[in-house]
Amino acid sequence: MTDRTLLLQTFDALLQPERFRDYGPNGLQVEGVARVRKIVSGVTASRALIEAAIAAQADTIFVHHGLFWKGQDARVTGWMKQRLKLLLAHDINLLAYHLPLDAHPELGNNAQLGLQLGLQAQARFGEQELGFIGERLESGGFESADDLALHLENTLNRPVTLVNSAQKAIKKIAWCSGGAQSYFEAAIAAGADAFITGEISEPQAHLARECGVAYLACGHHASERYGAPAVAAHVASQLGLAHEFIDIDNPA
Ligand SMILES: [Zn+2]
């Protein structure tokens, strides 16, 4: 068991939220009990995750996508009321870290996605240096973008959207988890043969064809489900807390 303030300080020291310009508040978003014992980590503070955390007898939830974003409707109605009601009724702390969780060099979403895929980061690119670029650890790369797509599908266990499967070898691979469509041009400028992210929008398909760089969209959720459990497990073991990752499946 530990104190909520110490828990928050430990996450802040690890993730350094003050270094980022973000879309919502990082850290404690909803205050629960002062003495914490068990963390449930997950990707998004959805009602399903909150209910699962309650069933798992957690007093703290640690997520990548919290409840509050800049510019959102500030009223507590509908789904927001339902989520907050559950958290407050069960005195659960909600901690959310967005960009700081993407960026952490060993435990963050991008680092952990690279680890899953067997990619070794050599440099960072793009706004706030959130993008990672590097090469495959073993066997020097992939024979083609189709090969890389197959590797992604097998590793993440879901279909992947591939644009531009020109039959050229893939050596330099750039990746940025989640909805990082806008990082594609920076990845091209950084010299990538292929770019992996969660989502694709209409313009990127044309850019992929015209610039000869493969674009692979492997799912926002699927690309961001490794950082939260890695960070939460690290902090939980540091402070002697229980931890459990709960994956609420999401096809998007
Ligand atoms: Zn995300």
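Trainee: Are H65 and H220 buried or exposed?
Mentor: This is a predicted model. In it, H65 is buried, and H220 is buried as well.

Trainee: Which protein donors does the zinc ion have?
Mentor: The donors are H65 through NE2, H220 through NE2 and E224 through OE, and they lie 2.0 to 2.1 Å from the zinc ion. Along the chain, their spacing reads H-x154-H-x3-E.

Trainee: Which parts does the pair H65 and H220 tie together?
Mentor: H65 belongs to strand 5 (residues 60–65) and H220 to helix 9 (residues 220–223), so the pair links parts that are 155 residues apart in sequence.

Trainee: Turning to the largest nonpolar core, which residues touch the most other members?
Mentor: That core has 21 residues, and L148, L152, I173, I196 and L216 touch the most other members. Helix 6 (145–156) is among the elements that supply at least two residues each, as are strand 10 (173–175) and strand 11 (194–197). The largest share, five residues, comes from helix 6.

Trainee: And what does I173 touch?
Mentor: Leaving aside residues up to four places away in sequence, I173 touches L119, F132, I133, G134, F142, L148, A194 and I196. There is also a second, separate core of 20 residues, which includes A103, A187, F195 and Y215.

Trainee: What volume does the largest cavity have, and which residues line it?
Mentor: Its volume is about 40 Å³. The lining includes G24, H64, W69 and Y97. By type, the lining residues divide into five nonpolar, six polar and no charged.

Note on methods. Residues numbered from 1 in each chain as written. Predicted model: local features only at pLDDT ≥ 70, side-chain atom pairs only at ≥ 80, totals over all residues. Heavy atoms only, no water. 1 Å grid on protein atoms, 1.4 Å probe; cavity = no way out; pocket = protein on both sides within 12 Å on 5 of 7 lines; lining within 4 Å. Points joined across faces, edges and corners; volume = space filled by probe spheres on them. Nonpolar A, V, L, I, M, F, W, Y, C, P; charged D, E, K, R; others polar. Core = buried A, V, L, I, M, F, W, Y, C linked by side-chain atoms within 4.5 Å. Buried < 20%, exposed > 50% of the residue type's maximum accessible area, 1.4 Å probe, protein only. Helix = DSSP H or I, 4+ residues; strand = E, 2+ residues; numbered from the N terminus. Contact = heavy atoms within 4.5 Å. Donors = N, O, S within 2.8 Å, 3.2 Å for Na, K, Ca; no water.
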